[in-house]
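Here is a walk through the structure, one piece at a time. Have the viewer open and follow along.

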Amino acid sequence: MSRPRTVLVAAGLAVSLLVSGCSALEKTLDGGSVAGDFPSRNVEIMVPAAPGGGWDLTARQFQHVVQEKKLLGERAVSVVNVTGAGGAVGISKLVTKNRKDPHTLMITGLVMVGALTLNQSQITVSDTTPIATLTAEQEVLVVKSDSPLKSLKDLVELYEADPSKVSWGGGTIGGTDHITAGTLVKAAGADPSKVKYISYSGGGEATAAILSGDVTVGISGLSEFEEQITAGKMRVLATSGTEPVTLNGKQLPTMKSEGYDAEVQNWRAIVAPPDVPAADRQRLIDFVTKVNQSPEWAEIRKKNGWTDFFKTGDDATRFIAEETTRVQALEKELRIL
Amino acid sequence: MIGLSVFGDLLHGFGTVLDPMNLLWAILGVTLGMLVGILPGIGPALTIALLLPITFNFSDPIGAFILFAGIYYGAMYGGSTTSILINTPGESASVATAIEGHKMALKGRARAALATAAIGSFVAGTISTVLLTFVAKPIGSLASHFQATDYFAITLLAMVAVTALVGHSLVRGLLSLVVGLFIGLIGLDSLSGAPRYTFGTLRLLDGIDVVIVIVGLFAIGETLHVASKLRSTPERPAVLEKGRLRTGYLNKSDWGRSWKPWLRGTALGFPFGAIPSGGAEVPTFLSYSIERRQARKKGRDEFGDGAIEGVAGPEAANNASFSGVLVPLLTLGLPTSATAAVMLAAFQIFNVQPGPQLFEDQSTLVWTLIASLYIGNLILLIMNLPLIQIWVQVLKVPRPLLYAGILVFACLGVYSLSGSGYEVLMALVIGVAGFFMRKLDFPIAPVILGVILGPTMEEQFRRALVISNGDASVFVTRPLSAVIIVLTVLALFVPYLPRIVARIRGTRPTRDRLTFGEDD
Amino acid sequence: MSTSEESVNTPAETVKASEVEVEASRLVRIIAALVLIVLSTTFLIGVFDIRSPKGLDPAGPRFFPLLVTVAWLVLSIAYLVEGLRAPRTARESGRTWFEPVAVSALLVLYALLVVPLGYVIATALLFFAAARVLGSRQVVRDAIVAVVLTVVVYIAFTQFLDISLPGGVLGL
C-alpha cells in the first residue's frame with residue numbers, strides 16, 4: 001500500500017471510530033450481567049459519577065455499613081463508578097444492560113433528574129425500579145456578609161425590580177442549585193426565564209465567586225458554605241427544606257418561614273434495574289431498610305450533615321415521578337431547554 | 001500577631017510529627033503519591049477520595065492529613081520521572097517538564113534531569129512551606145479578591161506561554177493550540193447546558209478528559225512513533241553520562257543554571273496555587289516560557305534540545321503550588337484545585353472546620369501538618385536521590401518490553417477513568433493524531449495548553465459578560481484585570497522590542513525577525 | 001518537538017527548518033493540510049448547530065467555537081500554502097507502517113475484549129502481543145513479564161485502591 005493511501009485509510013478509520021464507535025460499540029465495551037434470586041451472588045452498587053462526590057460517598061458509606069454488619073451474609077458489596085453526562089451514561093447502562101437483575105443497584109438523586117432533563121434523555125429515573133430514597137441535603141442561599149441584602153425578601157424585591165441586577169451563582173446548570181433558584185422565583189410570582197444563573201464547577205469556585213462579590217447570591221448544599229457562614233464571611237438568607245436547620249446554635253430561616261411556598265430537597269436514592277421481580281424488590285427494600293435503621297448509618301448521616309429522607313417502595317416511586325415532572329416543567333420555564 | 005509564637009507552634013508541630021507513627025504516614029504518603037504521579041490517569045485527587053473511607057477508622061485525624069498531604073506533593077514530584085525518562089507525563093502538571101527533560105534523557109543526561117527535578121522540588125517545597133508558615137494569613141485572602149474578569153486576564157497571560165512552546169514553526173504551533181482549544185470545546189457547555197460537538201452521543205457530553213488527551217498524545221502517540229521506526233533505528237540503550245560527580249549528579253554548570261529557575265519557579269508556583277486557577281498547570285507552563293526567554297536573553301538557546309532550566313523551573317513551580325493551595329484551604333476553607341476539594345471533604349468528615357478559626361481551634365493539627373511538609377520534602381529528597389540510579393535503569397529495559405509496558409499503563413489509566421473500553425478507543429484515536437503530529441513535526445505541548453486553558457478562558461470571559469449584562473468594558477475598567485492584561489501585552493512584545501527599535505531606527509536587526517512559518 | 005533521534009542531533013543552524021526537520025514528504029503534508037481544512041470547515045459549519053438562544057452573542061455558547069474554528073481554518077490554509085511552497089527535498093528513510101497499524105489494531109481489540117475476557121487475560125495478551133510486534137523474540141521472558149505485571153497491577157488496584165477492574169472469564 002502506498003503511503004498517502006494508508007494515511008487516508010488510517011485517518012478515515014480514526015474518524016469513523018470516533019463517530020460510529022460511540023454508540024455501536026458501547027454494547028460490547030460495557031458487558032453485562034445475569035439475573036437471579038436476591039442475594040444469590042455479590043452485589044454491585046453503581047455510582048454514576050466519579051469517586052469523591054456525594055453519590056460516591058453515599059455508596060461507599062452504604063457499602064461500609066453492609067460489610068460491618070454482615071447484612072448480606074457472606075456476600076460482598078462492591079462499588080463501581082460509571083461516569084458520564086451527569087449520570088446519564090450510568091443509568092442507561094443500568095436500564096439497558098441489567099434488566100431484571102437485583103444484584104446491580106445504583107445511587108441516584110435530584111441532580112440526575114435535572115441532568116437527564118437537560119440532556120433531553122429518553123431514559124428517566126422512573127424507568128428504574130426505585131427501592132428507597134435515603135438521605136436529603138439542605139440547599140442554602142447566601143450572600144457576602146457586606147451585601148445590602150439582609151433577607152430573602154430583599155433579594156426577591158431586587159429581582160422583581162430588575163432581574164438583570166441579580167446574578168445567581170451555583171453548581172451545574174439544571175442542577176439542584178439552579179432548580180432552587182427557579183423554585184424560589186416562581187413561588188414569589190416572578191418570571192423564572194429572567195434568572196441570570198452562572199454555573200460554577202466544584203473546587204470552591206462558587207465560594208470564591210461569592211466572596212469576591214462576583215455574584216449577588218450563592219446557592220449550594222449547606223456543607224459547602226458552612227465554614228464561611230461560621231466565620232461570618234457569608235450570611236444565610238434561607239435554607240430550602242421544610243424543617244429549619246440549626247447552625248452554631250442559631251436557627252436558620254427557611255424559604256417557607258420567609259413567606260415563599262417553596263421547598264427543595266437534594267435527595268439521594270438507591271434504585272434497581274427495571275423489571276426486577278416483585279419478590280426480589282421486597283427483599284431489596286427490607287435489606288435497605290436494615291441499613292437505614294442501623295446506628296452506623298445514623299452516625300454517617302450526622303457526620304455528613306444529611307437528613308433522614310427515607311421513603312421506600314411505592315412511596316419512593318411516586319416521589320421520584322413527581323420530582324421528575326416538576327423539574328421538567330421548571331427547566332422549561334428557566335429557558336434552559 | 002504572628003511573631004515568636006509561630007516558632008513555638010511549629011516546634012510543637014515538629015514534636016508531634018516526629019512520632020514514629022506519624023513519620024510512617026508521611027513516608028507512606030509521599031511514596032504512594034510518587035506512584036500515582038507516575039501512573040497516568042490516577043491522580044492525587046482520585047487516590048485521596050478512594051483512601052478516605054479507610055481513614056475513618058483512624059483514631060487521630062492528624063495521621064490522615066499527613067498521609068493526604070504526602071500523597072499530594074509526592075504526586076507533584078512523581079510525574080517528572082516518566083516525563084523525563086520516557087516522555088509520558090502522568091499528570092498535566094508535568095507536561096512542561098517532559099519537553100526539555102526527555103531531550104536531556106536522550107542526550108544521556110537523565111541523571112542530571114532527575115536530580116534537578118528532585119532538588120528543585122525540595123528547594124521549592126521548603127521555601128514555599130516557609131512562606132506558608134509565615135504569610136499564610138495575609139496571602140490567604142488573595143483568592144477571595146479575584147473576579148471573573150481577573151481570571152480571564154490570567155488565562156490570557158498564561159496563553160502567552162504558547163510562544164515558547166511553538167517549536168519550529170509558528171503556523172504548526174498555533175494549529176496545535178487551536179486543535180487543543182477545539183478539544184476543550186467538546187461536551188456540554190457548562191454555562192448554557194448546550195451540547196457542543198458531541199455528535200449525538202452521551203459519551204462526549206462530559207467532554208474529553210485531559211488525561212485521555214495526555215495519554216493519547218504522549219504515551220500512545222510516542223509508542224506508535226517508535227513502532228514506525230523500529231527497523232530504521234537499531235536499539236541502543238541511551239548512553240548515560242558519568243554518574244556521580246563530586247558535585248552530585250549535577251555538574252558545576254548545572255548547579256549554576258538550575259538555582260535561579262528553582263527560585264523563579266517557586267515564585268510562580270506559590271501564588272498561582274493560592275488562587276483558584278486550576279492548580280499547577282498554569283505556573284509550570286509560565287515557568288517554562290520565562291526560562292526560555294531568560295536563556296535566550298543570555299544568548300544561550302539550548303531550549304528544544306534539552307535545556308536543564310526547562311526542567312528545573314516547571315518542577316519547582318508544581319511543587320511550590322502545593323503549599324500555595326494550602327494557604328486558602330487552611331485559612332479560608334477555600335479549595336483551589338480538585339485535590340484540595342477532596343481534602344476539604346476529608347476535613348469535614350473529621351469535623352475539622354478549615355477557615356479563619358482553624359489556626360486557633362486546631363493549632364496542633366495545623367502545625368503538625370505544616371511540620372510534616374518540611375519533613376515530607378526532606379524524605380522525598382533523601383529517597384529520590386538514590387532512586388535516580390534505579391530509575392535510570394528504565395532506560396535499559398529492552399525497547400519492546402518498555403513500550404508494551406507503557407501501553408499497559410496507558411490503558412489502565414484511561415480505563416480506570418470511566419470503567420469502559422470506550423475511553424481506550426478515544427485515547428487511541430488521539431494517539432493516532434499524536435503519531436501524525438510527530439511525523440509532521442507539530443509540537444504536542446500547545447495542544448495540552450489549549451485543552452487546559454481554553455475552557456477556563458471561555459467560561460470566565462462569558463461569566464464576566466453575563467454578570468456585567470454584556471458590557472465588555474469590564475475587562476479594562478477593573479484595575480486588577482487591566483494590570484494583568486497590560487502585563488500580557490508586555491510579555492508578548494517585550495522580547496521583540498530590540499528588533500522593533502532597530503527597525504524603526506533603520507538599522508538591520510541583529511537576528512532574523514520572526515517570520516511566518518520559519519524557525520523562530 | 002519531534003522526539004526522533006535525528007532532530008536531537010540537528011544543530012541549530014541557519015538552514016530553513018521546513019527543509020530539514022519535517023520528516024514526512026511534501027505530499028503527506030499537503031494531504032494533512034487538506035484533512036485539516038476539511039475538518040475545520042465541517043466544525044465551522046457545526047457551530048450553527050449549537051443550541052443557542054442568543055445566536056452568536058459573545059456570552060453565548062457559539063462565540064468561542066466560531067473563533068476557534070475560523071482560526072483553525074485560516075491556519076490550515078496557511079499550512080497548505082507552506083506545504084505547496086516547500087521544495088521537494090524531504091528525506092526518505094526506512095519507515096514502516098506495519099508496526100504502528102498493528103499496535104493500533106491491538107488496542108482496538110483490547111478495548112473490545114477487556115470487559116468480556118477480564119482485565120488480567122486481556123492485559124497480559126496485550127503486553128505479550130505488543131512486545132512481539134515491537135520486535136521482541138523472547139517468548140518465555142515476555143510471557144512471564146506479562147503475567148506477573150498484570151497480576152500485580154490487578155491486585156494492587158482492586159485490593160488496595162478499591163478501583164474495580166473487570167474480572168471476566170476468570171471470575172475473580
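Is α9(B) open or enclosed? It is largely enclosed by the rest of the structure, because 16 of its 16 residues are buried.

Further along chain B sits α18, residues 422-439. This helix has 18 residues and spans 26 Å between its first and last C-alpha, close to the 26 Å expected at 1.5 Å a residue. α18(B) is mostly covered too, with 18 of its 18 residues buried. The residue to look for after α18(B) is D441(B), which has a positive phi near 60 degrees. As a reminder for reading helices, an α-helix has 3.6 residues a turn, so residues three or four places apart point the same way.

## Positive phi in two loops

Two loop residues are worth a click. N469(B) has a phi near 55 degrees, a positive value in a residue other than glycine. You'll find N469(B) in the loop between α19 (445-467) and α20 (474-477) of chain B. It has 13 other C-beta atoms within 10 Å, so N469(B) counts as partly exposed.

Over in chain A, D275(A) is also a residue other than glycine with a positive phi, this one near 60 degrees. D275(A) is in the loop between β11 (265-272) and α10 (278-293) of chain A. Buried, exposed or in between: where does D275(A) fall? It comes out as partly exposed, because it has 14 C-beta neighbours inside 10 Å.

## Chain A: overview and confidence

Chain A has twelve helices and twelve strands. Of its 337 residues, 53% are buried. Among contacts in chain A with a separation of 6 or more, 78% are between residues 24 or more positions apart.

How confident is the predictor here? The average pLDDT for chain A is 80, and 88% of the residues score at least 70. Within chain A, confidence is highest in strand β8 (residues 234-239), at 91, and lowest in helix α1 (residues 3-24), at a mean of 43. Residues 1-36 of chain A have pLDDT below 50, and beyond near neighbours in sequence this stretch has 47 contacts in the model. Where pLDDT is low, the predicted coordinates should not be read in detail.

Start with β3(A), residues 104-109, which is mostly covered: six of its six residues are buried. T104(A), M106(A) and T108(A) point one way, L105(A), I107(A) and G109(A) point the other way, and all are buried. In a regular strand the side chains alternate between the two faces of the sheet.

β3(A) has partners in both senses. With β1(A), residues 43-47, the pairing is parallel over three bridges, and E44(A) stands opposite T104(A). With β11(A), the pairing is antiparallel over four bridges, and M106(A) has V271(A) as its bridge partner.

Next, look at β5(A) (residues 167-170) and β6(A) (residues 196-199), which pair in the parallel sense over four bridges. G170(A) has S199(A) of β6(A) as its bridge partner. To get from β5(A) to β6(A), the chain goes through helix α7(A), residues 176-187, in a right-handed β-α-β crossover.

What makes up chain C? Its secondary structure comes to seven helices and zero strands. Of the 172 residues in chain C, 36% are buried. Among its contacts between residues at least 6 apart in sequence, 61% join residues at least 24 apart.

The contact between chains C and B takes 66 residues from chain C and 71 residues from chain B. The elements of chain C that give two or more residues to its side include α3 (26-46), α4 (63-85) and α7 (139-160). α5(C) gives the most, with eleven residues. By type, the residues on the chain C side divide into 41 nonpolar, 15 polar and ten charged.

Definitions and conventions: Residues numbered from 1 in each chain as written. Chains lettered and ligands numbered in written order. Expected span 1.5 Å × (residues − 1). Buried ≥ 20, exposed ≤ 12 C-beta atoms within 10 Å, placed from the backbone. Contact = placed C-beta atoms within 7 Å. Nonpolar A, V, L, I, M, F, W, Y, C, P; charged D, E, K, R; others polar. pLDDT = per-residue confidence, 0-100. Pairing = 2+ DSSP bridges. Right-handed = clockwise from strand over helix to strand, strands pointing away.
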